Amino acid sequence: MRKGVIDLGTNTFNLLIADRSDESISVVYSTKRGVALGMGGITKGILAEDAIRRAIRALVEFEEIIRDYKVSSVKLIATAAVREANNSDMFLRLVKEKVGREVQIIDGNKEAEYIYKGVSLCHQFDSNAMIMDIGGGSTEFIEANKNGVQGMISLKIGVSRLYQTFSCTDPFTDEDVKRIEGFIERESEDFFSKNEVDILIGSSGTFETFYELIYHEPFPKTRETVELEIEPFMKSLNELIYSTQEERNQNEFIIPIRKKMAPFAAVKTNWVIERLGVKKILISPYSLKEGALMG
């Protein structure tokens, strides 16, 4: 059965079209658009007018693609930016009017559940691991092993939220980093104090950018997790944290929507790795949209 999923993320809209069986999916087409739906509003509880215009434009583009691929059903899933917005009802009505589809708003727990399902398609949880999904509005963490999910949480520490909360210098100072880390610590609800894991699995998105920054080549098209060498990875994170906006603007491996927010993602990832005592880094090519398609 050919199905489609559109993940209406706070930063990026992702379209996935795949043929689904009972146990797996075969990707037919996927693409993304840097919509920045949460820009100008994620910290205020609204969707800004210009962000809504970008969102509708992307969804109209996606609709043309969906028609070409003769998709039997399409699921539209909205996350932090929409679920926190006071004007979300107006946005949902506009989507229905312009593209003729309903949008399902999911909470953080459902988001984490879909992420786990997606990662499980390409990773066998033989030992304890922590999944990390870096979103624009929220970041999800799912601890899992061979017995299934052991714990999960959705935290309001997404990169768009951090970017719009903190006024930092260019490049970051050590004081900027400490302020961001302090915020993450306060928002984490002691989740990390109870956990120590050897393996961190980054789910697609920003982690694919991390890969490309290290190896200077596109993230491979694969159905399996990809391991990152931890020493080059930690070195790359540190360089990204203290990079200038101009340096990021000139870097072809950082997509436009991430050029402003990448240092925040690097600070957060570095903090998590140190807090959990991580010794191995994997990247999952599958995430929320693949899990939602299976779900």
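**Figure 1. Strands β6 and β7 form a hairpin with four residues between them.** This is a predicted model, in which local features need pLDDT of at least 70 and side-chain atom pairs count only at pLDDT 80 or more, while totals for chains, interfaces and linings use all residues. Residues are numbered from 1 along each chain as its sequence is written, and side-chain values use heavy atoms, leaving out hydrogens and water. Strands (E, at least two residues) and helices (H or I, at least four) are DSSP runs, numbered from the N terminus. Strand β6 covers residues 129-134, and β7 covers residues 139-145. The two run antiparallel and are joined by six bridges; strands pair if DSSP finds at least two bridges between them. I134 stands opposite T139 in β7.

**Figure 2. Strand β6 is largely enclosed by the rest of the structure, because six of its six residues are buried.** Buried means under 20% relative accessible area, exposed over 50%, and partly exposed in between (1.4 Å probe, protein chains only). A129, I131 and D133 point one way from β6. M130, M132 and I134 point the other way. In a regular strand the side chains alternate between the two faces of the sheet. β6 also pairs with β9 (residues 199-203), in the parallel sense, over four bridges. Here A129 stands opposite I199 in β9.

**Figure 3. The largest nonpolar core holds 46 residues.** A nonpolar core is a set of buried Ala, Val, Leu, Ile, Met, Phe, Trp, Tyr and Cys residues joined through side-chain atoms within 4.5 Å. F141, L200 and F233 touch the most other members. Helix α10 gives the largest share of this core, nine residues. Apart from it lies another core, of 30 residues, with I6, L37, A51 and A55 among them. Leaving aside neighbours within four places in sequence, the contacts of F141 include M130, I131, M132, F191, F192 and V272. Contact means heavy atoms within 4.5 Å.

**Figure 4. The largest pocket contains about 1,200 Å³ of space.** Of its 47 lining residues, N14, K32, S204, E208 and K289 are the closest to its centre. On a 1 Å grid over the protein atoms alone, a pocket is an open set of points where a 1.4 Å probe fits, with protein on both sides within 12 Å along at least five of seven lines; lining residues have an atom within 4 Å of a point. Grid points are joined across faces, edges and corners, and the volume is the space filled by probe spheres set on them. Elements that each supply at least two lining residues include β2 (12-20), β3 (25-34), β6 and α11 (288-294).

**Figure 5. The second largest pocket has a volume of about 260 Å³.** It is lined by 13 residues. L213, S236, E239, L240 and N251 lie nearest its centre. Helix α8 gives the most to this lining, with five residues. α7, α8 (230-241) and α9 (245-249) each supply at least two.

Figure 6. Not counting residues up to four places away in sequence, R161 touches I42, T43, A80, E84, G136, G137 and K156. N270 and N238 are 32 residues apart in sequence and 8.1 Å apart in space, C-alpha to C-alpha.
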